[in-house]
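Dear colleague,

Please find the structure below, handed over for your review. My notes on its aromatic contacts follow.

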Amino acid sequence: MNALAATNRNFQHAARILGLDSKLQKSLLIPFREIKVECTVPKDDGSFVSYIGFRIQHDNARGPMKGGIRYHPEVDPDEVNALAQLMTWKTAVADIPYGGAKGGIGCNPRELSVSELQRVTRVFTQKIHDLIGTHRDVPAPDMGTNSQTMAWILDEYSKFHSYSPAVVTGKPIELGGSLGREAATGRGVVFATEFLLAEYGMSIANMKFAIQGYGNVGSWAATFIHQKGGKVVAVSDITGAVKNQNGIDIPALLKHKGKTNSLKDFGGGDAMDPNDLLVHECDVLIPCALGGVLNKENAADVKAKFIIEAANHPTDPEADEILSRKGVIILPDIYANSGGVTVSYFEWVQNIQGFMWEEEKVNYELKRYMKRAFDDIKAMCHTYNCNLRMGAFTLGVNKVARATLLRGWEA
């Protein structure tokens with residue numbers, strides 16, 4: 001099932017639980033605006049290449065639209081649409097005053113030089129600058145993009161609209177980025193994991209974790225888990241995978257990855273097939289990579305007792321049903337990985353105020369927001385007798401529906 005169909009299915013299930021009017025359901029599903037642009041740029045060798053860029057602005061009932069921009073060969077309208085919709089529910093679950101958006105360019109950033117990436121980013125910004133803005137739509141980094149990408153967008157946007165640091169989040173600190181933002185999604189994942197395990201009388205210490213994806217989110221999550229005494233027994237990314245049932249030395253792995261840009265040939269564990277990570281023996285599985293990795297083909301073989309969805313839409317609905325029957329507890333993406341957008345909100349607030357926070361305050365507020373959202377989800381689970389995914393979806397959808405009705409959507 002593709003990402004959009006799966007996301008719509010979860011929304012419709014939540015809408016039925018909430019008893020939403022069918023016309024309101026349709027209104028909530030249809031994106032506010034869909035943007036598709038052609039980005040033609042010169043390559044370093046003088047030849048020209050064209051890429052298709054997308055920006056889906058899903059909903060603005062609760063505030064400016066918010067969402068990442070990803071550079072990946074598989075970016076397509078359905079995927080971007082699904083991710084934009086997920087952002088709408090995610091910001092509502094986190095109780096931050098945003099709607100949802102998502103963007104992307106169908107390119108492989110690994111095949112482009114820094115100067116080529118900059119040209120692509122600037123052309124994309126030129127095409128959409130009048131449709132984004134501090135109080136309209138605020139982009140952020142995503143897969144294949146980073147703080148440097150946001151710096152280029154900020155600079156290009158400012159040529160049209162004057163210096164506007166709050167137009168993007170996830171910026172370099174020197175340009176108004178927030179302390180703690182880089183680690184925020186991974187830190188939020190670990191906060192969420194702690195809250196969930198506490199419900200079962202457990203803690204991170206001495207539990208075994210398998211982490212799929214060792215980019216920004218996975219590496220920070222592994223670092224914090226290691227610091228709290230958890231055993232990361234398997235890690236994978238596109239370069240390979242490593243396992244060690246006694247626990248991987250995460251600082252050593254980070255150093256190795258930093259030097260070689262790969263997980264291969266790490267001396268502190270054994271190589272393994274990256275495809276086996278999802279079914280590796282562990283207590284907690286944390287998918288931090290692409291969507292749809294847990295599906296009907298492999299769900300029955302998952303050995304983890306808990307799944308923390310650090311990636312967006314890593315679990316297909318068919319896999320959801322199989323895992324639920326097995327008694328696996330799944331903490332859904334629209335809550336588990338909301339630490340990034342929460343600290344992006346803090347960055348936006350700091351930029352608007354022109355007053356920056358200490359990192360200690362950022363992390364304190366992040367934990368407070370994550371705990372409040374977890375408690376709100378548990379309350380919805382209790383009210384509607386549903387699992388954590390539907391608890392999160394009913395919470396998010398209900399908030400957006402309420403805001404939509406209060407604003408007078410039929411007028």
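Over the ring of which residue does the charged end of Lys361 sit? The ring is that of Trp357, with the charge 4.6 Å from its centre; the criterion is NZ of Lys or CZ of Arg within 6 Å of the ring centre and within 35 degrees of the ring normal. Arg372 likewise lies over the face of Tyr369, at 4.5 Å from the ring centre.

Please note that this is a predicted model, in which local features need pLDDT of at least 70, side-chain atom pairs count only at pLDDT 80 or more, and totals for chains, interfaces and linings use all residues. Residues are numbered from 1 along each chain as its sequence is written, and side-chain values use heavy atoms, with hydrogens and water left out.

Trp357 and Tyr369 also belong to a cluster linked by ring pairs, together with Tyr98, Tyr345, Phe346 and Trp348. Rings of Phe, Tyr and Trp (its six-membered ring) pair if their centres lie within 6.5 Å; planes under 30 degrees apart count as stacked, over 60 as edge-to-face and the rest as tilted. This rule gives 12 aromatic pairs. One of them, Phe11 with Trp89, is stacked, at 5.3 Å centre to centre and 10° between the planes. Phe11 counts as buried because its relative accessibility is 0% (buried means under 20% relative accessible area, exposed over 50%, partly exposed in between; 1.4 Å probe, protein chains only). Trp89, also at 0%, counts as buried.

Tyr335 and Phe374 form a tilted pair, 6.0 Å centre to centre with 45° between the planes. Both residues, Tyr335 and Phe374, are buried.

Yours sincerely
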